[in-house]
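Student: I would like to learn how to read a fold from its coordinates. Can we go through one together?

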Amino acid sequence: MQGKVVIITGASSGIGAASAKLLARKGAQVVIGARREDKLKQLAEEIRAEGGEAIYQLLDVTQQADNDAIVQLALSTYGRVDVIFLNAGIMPSAPLSAMKTDDWHEMVDINIKGVLNGVAAVLPTFTAQKSGQVIATSSVAGLKAYPGAAVYGGTKWFVREFMEVLRIESAMEKTNIRTATIYPAAIHTELLNTISDPATSAGMHALYEAHGISPDRIANIVAFAIEQPADTNVTEFTVGPTTQPW
């Protein structure tokens with residue numbers, strides 16, 4: 001971990017912020033991006049106060065130019081990129097009959113296109129240096145169908161498929177790009193705040209209150225994946241509380 005340059009999207013809170021703090025404590029140089037500059041600034045200051053290394057940049061993952069810019073920031077500051085953690089996402093779940101079509105399109109833009117844009121930004125660097133690691137946050141909804149999560153789950157199934165093909169193609173092309181896909185269950189983050197359907201929101205809040213666990217648990221998995229030897233690829237992790245069968 002020491003000295004590795006790690007880009008983290010969706011880093012202003014939750015899993016992204018917890019991962020940034022842990023990786024910095026372990027010696028990584030973290031480059032954090034999200035849409036809320038005040039949160040990024042505060043997080044970077046907290047990391048530096050603990051003796052860690054962090055820089056930040058405003059990042060809208062739906063914009064290719066923003067993704068390109070944060071990769072260039074990492075390269076211009078540290079001279080390399082070792083890992084990108086594609087963590088930005090939203091979960092405005094609702095029954096399809098609620099016709100939350102704006103939410104559908106926003107999930108596709110952030111949860112799918114955000115991953116595509118991040119990989120497009122970093123893949124030329126990883127290919128040229130013949131090393132690198134892409135980590136992505138999927139969901140247990142990317143492994144199993146849940147009522148109310150048709151579109152959200154669909155975006156997370158996409159992440160699963162995309163990351164597996166990236167792994168296979170990297171092996172075929174001998175570019176040595178490692179991948180890891182994480183499937184969180186009930187994790188205490190701000191995702192619940194993106195649910196606009198009242199009944200779904202109430203149900204999800206009750207579920208998370210009963211079974212939710214800390215985003216630090218996911219940060220531990222991110223660190224574990226990065227710390228594996230360069231010739232070792234650990235590709236999938238399902239993480240959830242033991243109190244609920246996911």
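Student: Is Thr194 buried or exposed, or partly exposed?

Tutor: This is a predicted model, so local features need pLDDT of at least 70, side-chain atom pairs count only at pLDDT 80 or more, and totals for chains, interfaces and linings use all residues. Residues are numbered from 1 along each chain as its sequence is written, and side-chain values use heavy atoms, with hydrogens and water left out. Now the term: buried means under 20% relative accessible area, exposed over 50%, partly exposed in between, with a 1.4 Å probe and protein chains only. Thr194 has a relative accessible area of 27%, so Thr194 is partly exposed.

Student: Where does Thr194 lie, and which residues does Thr194 touch?

Tutor: Helices (H or I, at least four residues) and strands (E, at least two) are DSSP runs, numbered from the N terminus. Thr194 sits in the loop between S6 and H6. Contact means heavy atoms within 4.5 Å. Leaving out residues up to four places away in sequence, Thr194 touches Ile90, Met91 and Pro92. Pro92 is 102 residues from Thr194 along the chain, yet their C-alpha atoms are separated by 4.8 Å.

Student: How do I read the sheet? What is the strand order?

Tutor: Start with pairing: two strands pair if DSSP finds at least two bridges between them. Here 7 strands form an open sheet with parallel pairing, in the order S3-S2-S1-S4-S5-S6-S7. For angles, axes are lines fitted to C-alpha atoms, for helices over the stretch in contact, and values run from 0 to 180 degrees between N-to-C directions. Neighbouring strands are turned by 15 degrees against each other on average, direction ignored.

Student: How many bridges join S1 to S2, and S4 to S5?

Tutor: S1 and S2 pair over 5 bridges, with Ile7 partnered by Val31 in S2. S4 (residues 83-86) and S5 (residues 132-137) are joined by 4 bridges, and Ile84 has Val134 as its partner. S2 is mostly covered, with 5 of its 6 residues buried.

Student: Which strands does H1 lie across?

Tutor: H1 (residues 14-25) lies across S1, S2, S3, S4 and S6, at about 165 degrees to S1. H2 (residues 37-49) packs on the sheet too, touching S2 and S3, and its direction makes about 175 degrees with that of S3.

Student: How are aromatic pairs described, and how many are there?

Tutor: A pair of rings is described by the distance of the centres and the angle of the planes. Rings of Phe, Tyr and Trp (its six-membered ring) pair if their centres lie within 6.5 Å; planes under 30 degrees apart count as stacked, over 60 as edge-to-face and the rest as tilted. The count comes to 2 aromatic pairs. Phe158 and Phe162 have ring centres 5.6 Å apart and planes at 25 degrees, so they are stacked. Both lie in H5 (residues 150-173), 4 residues apart, about one turn of the helix. Phe224 and Phe237 have ring centres 6.0 Å apart and planes at 90 degrees, so that pair is edge-to-face. Phe224 lies in H7 and Phe237 in S7, so the pair ties together parts 13 residues apart in sequence.
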